[in-house]
Structure formats: structure tokens, C-alpha cells
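Let's take a walk through this fold together, strand by strand and helix by helix. Have the sequence and the 3D view ready as you read.

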Amino acid sequence: MSSAKITGIYRYPVKGLTPEPLSRAELNVGQTLWSDRRYAIENGPSGFDPSTPKWLPKPHFLMLQRDEWLAPLCAHFDDDSHVLTLRRDGAMVAQGDLETAAGRAAIERYFADTHTSRIKGPPKVLASPGHSFSDVPRKVISIINLASLRAIENLVQAPVHPLRFRANLYVEGWPAWHEAGLLDQTIAIGSARAKVVKRITRCAAVNVDPDTGARDLMVPQALMQRLGHNECGIYAEIISDGGVAVGDVIAAEQPTLV
């Protein structure tokens, strides 16, 4: 059984904004990490209806693929109070309870007042109970193999910050690109189990430095030129509840012999 160790766990409460590191998390059948992509900021009217939520592609929302100026904006979401705090260069620039109209309006005003020239229309904080504003319609967790990132560093001849890839789990111990061969396999993640359902196609968001917002690399293009694809990482769907912590093992299960 080829195993690796989980070195980082991250969630993204607001799509397009900065991640929050976690030391541990509960994984539940058919769900994302708790509060992952729970909210999104509409970039002009999208037609999203919270009463009948449907998946929409990411161009409807603020996102790093297009809006690299989001990267230096540090976001923190508090689960108990539902308060989102936005800071830039250490100073608080906006704060609001995302479960109240007044709180959402405070966040919306910041984007409308500060970034008017960069957005397509009135910004609006979107949410619907149980809905995830993921890049894919199904509820999954994303996994990045750090050895594959080192292989990409060799391709682009530059350091590649792991958070460019905005994954939920980062793992160490597999050979480069090992994860690509896990499609349709069942894997153990801590005490949970998941099925690998898709390889992740990378977009221009990974070209953006997560600290500075500089669009300074050409990762998807390098992958296509050198490897013939622009995939890095996998999506997995949780099929058995369990917990996961930094330091836990992630491994493909051996098929049962009959």
C-alpha cells in the first residue's frame, strides 16, 4: 500500500479569498471540509438563487484566475459568529457577519468602494445552506502531492508556493504524479475513506503568487508544453465519515482478493 503523510489541511470559507490552515478536520460523506467555499462574492448579476441553489462556473464570482488583486487581502472567518474579517497590510479594511444582511452589506461596500474599476457589477455576498461554491459541481476535497509541485518547479525553473494550488490537503511521501494514477480508487484519509473522482485541471489562478498577487508564472502552459496536459492534483469524494489531522496517513486501499 503506497502511503503518504498529510502535511497541511486548508479550507477556503469565501471563494477566491485566502485559506485558513487547520490542524484537524472532520470529513463527512458527500461533503466538503466544513465551511469550505461556503460563501462567494458575486461579480455582477449571476442569477444565483439561494432558495434553489445551482452550481455556477467560477467566472460569475470574484476569483484569482481573473482577480489576482484579491491575493494580498487576508481573510479570516469565525465559525461561531459567522464574522468575516478582511485585512490588508495588517490593517482591518472590512468586517461583517455573513449571516446577516448588515454584515454582508459591510463586506460588499468594501469591494464596491475600493475596487470599483476591477469588478464587473455590484458585488454581492452569496450563500445557501449546504451549498458549496466549488470549481466543480460535486462536493469534494482537493489533494495536492508536494512531490508533483517540486516536479513543476523543475519545469518552470522557479519556486512554486504550494498555496497557489488552493488545495484542501497537501501530502508528502508519494512520488511525483503518483496521485494521477489513483483515479477511481478508494483511499484512506486519516480515519475517513474517499473515492478519487477526478484529476484537477489547472487554470491561470496557479500563476498568481498567493502572497503578493503578482502573476509571475506560466504553470498550465508549462505543463501542456512539457507533459501534454495541464493537470495537477485530484478531487476525492468522501464515502465514509472520519477525522483527519496533520501528520495522518493517506493511502490507496488494496483491492480485496476473492
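Strand E5 and strand E6 (residues 83-88) pair in the antiparallel sense over five bridges; here two strands pair if DSSP finds at least two bridges between them. Helices (H or I, at least four residues) and strands (E, at least two) are DSSP runs, numbered from the N terminus. Within this pairing, Leu-73 faces Arg-88 of E6. The two strands belong to an open sheet of three, ordered E5-E6-E7, with antiparallel pairing. Its edges are E5 (73-77) and E7 (91-97), each of which pairs on one side only. From one strand to the next, the twist averages 20 degrees. Helix H1 (residues 101-114) lies across E5, E6 and E7, and runs at about 145 degrees to E7. For such angles, axes are lines fitted to C-alpha atoms, for helices over the stretch in contact, and angles run from 0 to 180 degrees between N-to-C directions.

A word on the ground rules: this is a predicted model, in which local features need pLDDT of at least 70 and side-chain atom pairs count only at pLDDT 80 or more, while totals for chains, interfaces and linings use all residues. Residues are numbered from 1 along each chain as its sequence is written, and side-chain values use heavy atoms, with hydrogens and water left out.

Next, look at strand E1. With E15 (residues 249-252) it forms an antiparallel pair over three bridges, in which Lys-5 has Val-249 as its bridge partner. E1 is also joined to E10 by four bridges, again antiparallel, and Gly-8 stands opposite Tyr-170 there. A further antiparallel pairing, over three bridges, links E1 to E2 (residues 20-22), with Tyr-10 opposite Pro-21.

Strand E2 also holds Glu-20. Why does Glu-20 count as buried? Because its relative accessibility is 8%, and buried means under 20% relative accessible area, exposed over 50%, partly exposed in between (1.4 Å probe, protein chains only). The side chain of Glu-20 makes a polar contact with that of His-76 (3.4 Å). A polar atom of the Glu-20 side chain also lies 2.5 Å from the backbone nitrogen of Phe-77. A polar contact is a pair of N or O atoms within 3.5 Å; within protein, one must be able to donate a hydrogen and the other to accept it, and residues adjacent in sequence count only if both atoms are side-chain atoms.

Another buried glutamate, Glu-42, has no salt bridge (a side-chain nitrogen of Lys or Arg within 4 Å of a carboxyl oxygen of Asp or Glu). The nearest side chain of opposite charge, Lys-124, is 5.2 Å away. Glu-42 does make a side-chain polar contact with Ser-46, at 2.5 Å. Four bridges join E4 to the antiparallel E8 (residues 123-126), with Asn-43 partnered by Pro-123.

Finally, turn to helix H2 (residues 146-156), whose buried residues include Leu-146, Leu-149 and Ile-152. The buried residues of H2 pack against E1, E9, E10, H3 and E13, contact meaning heavy atoms within 4.5 Å. Asn-145 caps the N-terminal end of H2, with a side-chain oxygen 3.1 Å from the backbone nitrogen of Ala-147. After H2 comes Gln-157, with a positive phi near 55 degrees.

Terms used. Lys, Arg positive; Asp, Glu negative; His and termini not counted.
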